[in-house]
Amino acid sequence: MSHYAVFGHPVSHSLSPRIHAAFGRQTGIALDYTAVDAAPEAFMQALDAFAAGGGRGANVTLPLKEAAFALCSVTSERARRAGAVNTLTRNDGQWHGDNTDGIGLVRDLTGRLGLDLRGRRALLLGAGGSARGVAPALLDAGVSELIIANRTPERADALADALGEPERAHSRYWDDLVNEGDFALVVNATSASRNGTTEFTLPFQLSTPRTLAVDLNYGEAAIPFLAWARAAGCRDMVDGLGMLVEQAAAAFELWHGVRPDTAPVYAALRGKDASLVTAD
């Protein structure tokens, strides 16, 4: 049986083991998939131990995605553009890194929900590993402009520079967003609500009824941002559960060469909405 895992801190509520077990049953592939809690300072040691025990591949969640990138001997173009890795594959004694976050988000929005991202002026809140994973994919999906705002402005500047599209990708100070007008897409890639924050404060003039509001979190952690979006009058609001399932399917396909059917897995998880806690 092949061994796989998700690494994060914290990670006890991760849905990834349940998702990959469902994909394995669906495709007839036997696998063992566990959750490994690893603080940033212990991540390298934990990953080495996993490899020594026969680990074939791993997903990486907060706050380890940028650290995972640094530990890879080989990285995909998607990972290099993001500067972050969420999918690790063991090949010839080395870790190969990829990032399926962005393709997972776009597949959820355009495939499952039938939304068109082309020509939308977009605001990306956050500049950590999750934001880095989705920013290149949003540009590839055709957004007309991508404004990146982060509480630490230097990280927003660094992400905007790394994207290499100065005509479309720009950073802004968080406190200056009130002067930015409205956006057709607002994506929350911050993790503040995971730390007990119950309110999400943004100027309401950033949105219109036509604004698509997307939170990369799901369950309890998505409530504050989606509450802001509802109060701001957004008609379309999406949490990160579909993205989670789609990025997992892309990782599963990388490891096993088979793309699973995400629809029944997503439906089963969505039916448990009230009990979900973000940990991916």
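Which residue in β2 is the bridge partner of V6? The points below answer this and describe other features of the model, which is a predicted one.

1. Pairing of β1 and β2. Strand β1 covers residues 2–8, and strand β2 covers residues 31–37. The two strands pair in the parallel sense, over 7 bridges. Within this pairing, A35 of β2 is the bridge partner of V6.

2. Of the 7 residues in strand β1, 6 are buried, so the strand is largely enclosed by the rest of the structure. As a general point, the side chains of a regular strand alternate between the two faces of the sheet.

3. Geometry of α1 and α10. Helix α1 spans residues 16–27 and helix α10 spans residues 262–270; their axes come within 10 Å and cross at roughly 140 degrees. This angle makes α1 oblique to α10. The crossing of the two helices is right-handed.

4. Contact between α1 and α10. On the α1 side, the contact is formed by R18, I19, A22, F23 and Q26, which meet T262, P264, V265 and L269 of α10.

5. Position of Q247. Residue Q247 lies in helix α9, which runs over residues 241–256. Is Q247 buried or exposed? Its relative accessible area is 6%, and a residue counts as buried under 20%, so Q247 is buried.

6. Neighbours of Q247. Leaving aside residues up to four places away in sequence, Q247 touches N59, N86, T100, D101 and G104.

Definitions and conventions
Residues are numbered from 1 along each chain as its sequence is written. This is a predicted model: local features need pLDDT of at least 70, side-chain atom pairs count only at pLDDT 80 or more; totals for chains, interfaces and linings use all residues. Side-chain values use heavy atoms; hydrogens and water are left out. Axes are lines fitted to C-alpha atoms, for helices over the stretch in contact, and angles run from 0 to 180 degrees between N-to-C directions. Helices (H or I, at least four residues) and strands (E, at least two) are DSSP runs, numbered from the N terminus. Angles under 35 degrees count as roughly parallel, over 145 as roughly antiparallel, 65 to 115 as roughly perpendicular and the rest as oblique. A crossing is left-handed if the near helix is turned anticlockwise from the far one by less than a right angle, and right-handed if clockwise. Contact means heavy atoms within 4.5 Å. Buried means under 20% relative accessible area, exposed over 50%, partly exposed in between (1.4 Å probe, protein chains only). Two strands pair if DSSP finds at least two bridges between them.
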